[in-house]
Amino acid sequence: MPEAHGPAPGWPAVAASAIVACALAAGFVSLQSVEQPDRLLLAPMIGVMDRCILAPTTAPISDGARESMGCTGPTGSAASLIDSTLAEFGSPLSPDGRFQLGYTLHIPLLKLFTRAESNASAPAGPDGGWKIDKDVVRRTVRTLKDSPYPAIVYLFSTHFGVGSPLEDELASDPANLAATADGPMAKDHYYDINVYPWSIARTDNAITRRRTEAVQAVVHEICQLPTADRSKIRGVTLLGEVHHLFPDFEAGMGFAPPYRVSDYSAASVKNFRVFLRQRFGTIGRLNAALGINQASPYSGFDAVDPPSKDIRVQSLSRFTEHIDSFAQGALPIAGWVARAEDGGARWIRIYLDGDFVARVSAHLSRQDVLEALPELGTADVGWRWDLDFSKLPIGIHQIDVMVEMPGPQGATGAASLEHLATRKISIMGRNQQTPPRVAAGTLPPSQPADDVLKFSIDQPANATAYWYNPLVPLWHAFRNNQVVRYLDYFDRLVADSCLWDTPRYIHQILPFTNPGWDSNKFAVDASLQTIGGIQLGVSLYGEPTYGSSFFDRLATLGDDHYGVTEFHPLSAMAPGATLAMFREHQNHGARFVSFFLEPRWNGNLLPGEINLFGLDPSNPKFGSRQLYRAIQTLLQQ
C-alpha cells in the first residue's frame, strides 16, 4: 500500500459557496435542468464516509479539519469534500458534451447504526440497543443537496465488512449466515478485508431486517429533499455484489476441491423442495427427469435433499447426492497462451475424439499470468470453452488443443497449427464401472509447440473422471433464484418510495470474465437478466472494461442500458485509448461508470489508506495514476 500524503500545513479552507459558484459558472445549471440520457456519467466512488461523515471515531482526521471541510454540525455534509475532490478534474463536462462528471455516494448501511452506552452490554434481543444514527443519515443525504454534481446513490451492504461493531453481533446468530453442507460458514478474509458470509437464502433474519431498516431510513431522508435535489440522483445501486458464498473466499473461486457452496440451511433445503414441486408438479415427473423412475425413485419431494457429496471421496446413499464443479454437465477446457515478442490474441482450436468442436480467442484477462511473466506485457492471454458432456456417451474420450499460428499457410489455405496438449477424460456412468475407450478420428496436421510459445492447459487434468448428475443443474437454478429473490426484495423497498421513477441497478460480479473461476459457485447468471424494474449493473475489471468479452455477453442479455458499478482496466491507458473505451461503453448503452477515487482537500490527499484499485495520482498500482490523468484529459480537451 503506497504511503498516504497528509494535508498541507494549515489546511486552508475552501468555502463551499466558492466551489458552488465556480460550478455554476462551469454550466451546472444547464446540466441539472436538462438531462441528456446519451451522456455518460463518470461517477467516482469517493471515500468520504469514514473521512468526513462518520469521523472522528473511524478516521485519523482532526475535528478542526473536519469542521473546515463542512462535515460537522447541524448543517454538515460531505459536499465540500466531494466538490474539492472533483475540482481536480477541471471541467464537469467534456468539450463534446458526451461525458459528465458526478460521483457515487457510497453509503455503508451497517455503519448507520449506533448503540447507546447504557445498552452496551444489553443482550441481542429484538433490537439489542441498536438504532439508526439519524444525524449520520442526515449528513449523508444532505450531501446530495449541498453538492451541485449529479450522483449515483450506492446503498452498500455485502459480505465485505465495513468495520461496524454490529457485524460481529449479527455474525453470532447462525440464522444470519450462509451454510455449506458442513454447517454455517465462518468469517473469512479477502486481502485484509473481513468477509461475513451473510445469508441470502431468507429475508426473515436479523441481517436482512437491519439492512431493511437502514435502506428505509436513507430513502425516507432522501424523500424529504426538494424535487430539484432529488433530480440530481441519476441512479440507485442496491446492496453491492449479491451472490452465494463458499469457504476460502480469496482463493476458493476456482475448480479445485473440496467443493463447498451455499446454501444448505434448513430454510434453504425446505425452499428447494418447494422449488422442485412448483417446477415438476408430481414426484413422478421429477424421478423421470432424474432418470430414476425404475431404480431408487424418490417417494416424495420431502425426501429430496440437495446434492452435497463428492463421489470421489465420499460414500453416497444414492447417486443424486453427488456434486462437484462439473456435475452440472459442463467441463471447462481452459488455459492461456502467448508469445512475448509479438503479443496479440491467439486462436485456440479444440478437438474431441478427433473432431473439431470449438475455436476460441485467447483474449481473456489472466492477471496471475502477467504477474508471473511480466515480459508478456499483457494479461489478455486467457481462453476457455465449456464442453457439455451431459449427453456424451460413457467412455474414455480424447481432447486435443491446438493453437493457430501466424505466417505461411498450408497448400489448402488452412492455418498452420501447433499442438499444445492431449487430455484423456472419462465420462462415467452411475455404476462407476471402468468405461470403454471411445474411438478417435484423425486430427489435422500440426507441429509440436515451439520453445518460444508460452502456454498452459489448466483444465481438464489428464485422466480425470466426470459424472453428470441431473439434480445438480436444478440445485444451481434454485440457488440462482435465491439471488434474484433477495435483490427483488430490496428493489421493492426503494421502488415503493419517491424514488420509484429513479433508475435502480444491481451491482453484480461477472464470474464468467475470469476463465479460472467456477461461476456456478456464485449463482449470479439469473440476476443478470431483467429483475422486475432493476437494471443491469456490473463490476468490470481488466479486459471486460476495454475488450469484447463483456459486450459479447451483453448481447445475450437483451439489456438496452446498464451501469458499470466498479471499474478498473488494471493497466495504464493513454487518453486516446481511455476515450475510445468510454465511448464504446456509451455506444453499448452504459449510463454511468463508477470507479474508486481518493478524497482530496485543496489538492492534498486526506490521511488514510488508499484503495488498492483507487484512481489517484499517488497510486502506482495497476496504472491507476495514468488512468486518473487520462480522465482529466478527456474532460478538459
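Y154 has a relative accessibility of 3% and therefore counts as buried, the term buried meaning under 20% relative accessible area and exposed over 50%, with partly exposed in between (1.4 Å probe, protein chains only). F156, at 11%, is likewise classed as buried. The model is a predicted one, in which local features need pLDDT of at least 70 and side-chain atom pairs count only at pLDDT 80 or more, while totals for chains, interfaces and linings use all residues. Residues are numbered from 1 along each chain as its sequence is written, and side-chain values use heavy atoms, leaving out hydrogens and water.

Rings of Phe, Tyr and Trp (its six-membered ring) pair if their centres lie within 6.5 Å; planes under 30 degrees apart are stacked, over 60 edge-to-face, and the rest tilted. Y154 and F156 form an edge-to-face pair, with 5.3 Å between centres and 75 degrees between planes. The pair of F275 and F478 is tilted, because its planes meet at 55 degrees, with centres 5.6 Å apart. Since F275 belongs to helix 10 and F478 to helix 13, this pair ties together parts 203 residues apart in sequence; helices are DSSP runs (H or I, at least four residues), numbered from the N terminus.

Helix 10 buries S268, V269, F272, R273, F275, L276 and F280. These residues line one face of the helix, because they fall within an arc of 155 degrees seen down its axis, the arc being that of the directions from the axis to the C-beta atoms. The face turned away from this buried side carries the exposed A266, K270 and Q278.

Notes: Helices (H or I, at least four residues) and strands (E, at least two) are DSSP runs, numbered from the N terminus.
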